[in-house]
Amino acid sequence: MATTKATTKATTKDDDITYVLRSCGRDLKSHGGFQWPESGPVNCPDWNPKPECGSGLHGLAWGIGDWSLCQVSNPTAKWLVVAVPTAGVVDLGDKVKFESGDVVYCGNL
């Protein structure tokens with residue numbers, strides 16, 4: 001008798017999360033004076049899902065994108081990793097934008 005092997009895709013809570021890397025000045029302020037938290041929830045007050053820069057929180061999904069947009073040469077920069085629901089990530093080519101997420105890391109690069 002022939003046997004068949006069942007295959008299933010393992011899913012976890014993290015399958016629906018994209019981790020976004022971004023940098024800020026040491027005061028945790030970004031372009032336009034937006035104040036980022038050191039940890040916990042963060043929301044964009046002027047969200048617009050149009051795939052264009054502005055009206056969103058910005059960063060590099062999985063750290064992939066245009067690093068010249070980050071403060072790599074700033075030794076006092078704060079680096080954030082933000083857990084973002086994947087469905088809410090808007091690809092802008094060299095970076096992404098999103099409405100909300102959860103800051104899970106704040107520190108040096």
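# Briefing: sheet, cores and ring contacts of a predicted model

The structure holds zero disulfides, a disulfide being a pair of cysteine sulfur atoms within 2.5 Å. Cys-70 is in no disulfide, and the nearest cysteine sulfur, that of Cys-24, is 9.8 Å away. This is a predicted model, in which local features need pLDDT of at least 70 and side-chain atom pairs count only at pLDDT 80 or more, whereas totals for chains, interfaces and linings use all residues. Residues are numbered from 1 along each chain as its sequence is written, and side-chain values use heavy atoms, with hydrogens and water left out.

**Cysteine burial**

- Cys-70 is buried, with a relative accessible area of 13%; buried means under 20% relative accessible area, exposed over 50%, and partly exposed in between, for a 1.4 Å probe and protein chains only.
- Cys-44 also counts as buried, at 9% relative accessibility.

- Seven strands form an open sheet in the order 2-7-4-1-3-6-5, with antiparallel pairing.
- Strand 2 (40–43) and strand 5 (90–91) stand at the edges with a single partner strand each, so one side of each has no neighbour in the sheet.
- Helices (H or I, at least four residues) and strands (E, at least two) are DSSP runs, numbered from the N terminus, and two strands pair if DSSP finds at least two bridges between them.
- Strand 1 (residues 17–24) and strand 4 (residues 78–85) run antiparallel and are joined by eight bridges; within this pairing, Thr-18 stands opposite Val-84 in strand 4.
- Strand 4 is joined to strand 7 (residues 100–107) by five bridges, again antiparallel, and Val-81 stands opposite Tyr-105 in strand 7.
- Strand 5 and strand 6 pair in the antiparallel sense over two bridges.
- In a regular strand the side chains alternate between the two faces of the sheet.

**Surroundings of Val-96**

- Val-96 is found in strand 6 (residues 96–98), where it is the bridge partner of Asp-91.
- At 6% relative accessibility, Val-96 is buried.
- Its C-alpha atom is 8.9 Å from that of Pro-51, although Val-96 and Pro-51 are 45 residues apart along the chain.
- Beyond its neighbours within four places in sequence, Val-96 is in contact (heavy atoms within 4.5 Å) with residues including Val-20, Leu-57, Ala-61, Val-89 and Asp-91.

**Nonpolar cores**

- A nonpolar core is a set of buried Ala, Val, Leu, Ile, Met, Phe, Trp, Tyr and Cys residues joined through side-chain atoms within 4.5 Å.
- The largest such core has 14 residues, and those with the most contacts inside it are Trp-36, Val-42, Leu-57, Leu-80, Val-82, Phe-98 and Val-103.
- Strand 1, strand 3, strand 4 and strand 6 are the elements that give two or more residues to this core, and strand 4 supplies the largest share, three residues.
- Another core, of five residues, lies apart from the largest one and has Leu-21, Leu-60, Cys-70 and Ala-77 among its members.
- Phe-98 touches residues including Val-20, Trp-36, Cys-44, Trp-47, Leu-57, Val-82 and Val-84, not counting those up to four places away in sequence.

**Aromatic and charge–ring contacts**

- A search of the whole structure finds three aromatic pairs; rings of Phe, Tyr and Trp (its six-membered ring) pair if their centres lie within 6.5 Å, with planes under 30 degrees apart counted as stacked, over 60 as edge-to-face and the rest as tilted.
- One of these pairs is formed by Tyr-19 and Trp-62 in an edge-to-face arrangement, 5.5 Å centre to centre with 65° between the planes.
- Tyr-19 lies in strand 1 and Trp-62 in the loop between strand 3 (57–61) and strand 4, so the pair ties together parts that are 43 residues apart in sequence.
- Tyr-19 is partly exposed at 26% relative accessible area, whereas Trp-62 is exposed at 54%.
- The charged end of Lys-97 sits over the ring of Trp-47, 5.5 Å from its centre; this requires NZ of Lys or CZ of Arg within 6 Å of the ring centre and within 35 degrees of the ring normal.

**Loop residues and backbone angles**

- Most residues other than glycine have a negative phi, and most peptide bonds are trans.
- Leu-28 is not a glycine, yet has a positive phi of about 65°; Leu-28 is placed in the loop between strand 1 and strand 2 and is buried at 5% relative accessibility.
- Trp-62, likewise not a glycine, has a positive phi of about 60°.
- Ser-30 is in the loop between strand 1 and strand 2, is buried with a relative accessible area of 19%, and is in contact with Arg-22, Cys-24 and Trp-36 when neighbours within four places in sequence are left aside.
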